[in-house]
Amino acid sequence: MATGWIREYADMAESSDGDPVPIPMEPGKDQTPVTFTTSSPSAAFAGTTRFIAVNASADFHYAGGETPVATTNALKVAVAAGPLFMGVRPGHKIALIAAA
């Protein structure tokens with residue numbers, strides 16, 4: 001069984017000139033870790049969440065949406081790649097499944 005960690009972010013960082021920088025602005029809010037072997041969804045994202053970071057203890061595949069179900073045909077993320085950052089919609093979730 002693997003563990004996935006999800007951190008939610010509301011804003012992107014800004015340069016000293018006020019220009020947006022494509023990295024999330026801390027502090028983020030950590031969700032309760034998700035344990036997974038089969039498809040396991042996260043909690044719904046908060047109303048202010050626009051971006052997330054996802055990391056896991058093992059390689060995984062993922063799906064996102066209102067009621068996501070991850071399959072091993074979905075995009076695979078290697079744990080060695082480090083955290084995965086993505087834009088999301090409030091109220092949506094991410095589901096993780098162990099890589100085949």
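Pro27 sits in the loop between strands E3 and E4, the latter covering residues 29-30; strands are DSSP runs of at least two residues, labelled E and numbered from the N terminus. The peptide bond that leads from Glu26 into Pro27 is cis, with omega near 5°. The model is a predicted one, in which local features need pLDDT of at least 70 and side-chain atom pairs count only at pLDDT 80 or more, while totals for chains, interfaces and linings use all residues. Residues are numbered from 1 along each chain as its sequence is written, and side-chain values use heavy atoms, with hydrogens and water left out.

Glu26 also takes part in a salt bridge, with Arg7, where the closest N and O atoms are 3.1 Å apart. A salt bridge here is a side-chain nitrogen of Lys or Arg within 4 Å of a carboxyl oxygen of Asp or Glu. Arg7 lies in strand E1 and Glu26 in the loop between E3 and E4, so the pair ties together parts 19 residues apart in sequence. Arg7 forms a salt bridge with Asp30 as well, at 2.6 Å from N to O. This pair links distant parts of the chain, with Asp30 in strand E4 and Arg7 in strand E1, 23 residues apart. Arg7 is partly exposed at 29% relative accessibility, as is Glu26 at 43% and Asp30 at 48%. Buried means under 20% relative accessible area, exposed over 50%, and partly exposed in between (1.4 Å probe, protein chains only).

Glu8 lies in strand E1, residues 2-9. Glu8 is buried yet has no salt bridge, and the nearest side chain of opposite charge, Lys29, is 6.2 Å away. What does the side chain of Glu8 reach at 2.9 Å? It reaches the backbone nitrogen of Ala46. The side chain of Glu8 also makes polar contacts with the side chains of Gln31, at 2.8 Å, and Thr49, at 2.3 Å. A polar contact is a pair of N or O atoms within 3.5 Å; within protein, one must be able to donate a hydrogen and the other to accept it, and residues adjacent in sequence count only if both atoms are side-chain atoms. Thr49 is in the loop between strand E6 (40-41) and strand E7 (51-56), and is buried, with a relative accessible area of 2%.

Note on methods
Helices (H or I, at least four residues) and strands (E, at least two) are DSSP runs, numbered from the N terminus. Lys and Arg count as positive and Asp and Glu as negative; His and the chain ends are not counted.
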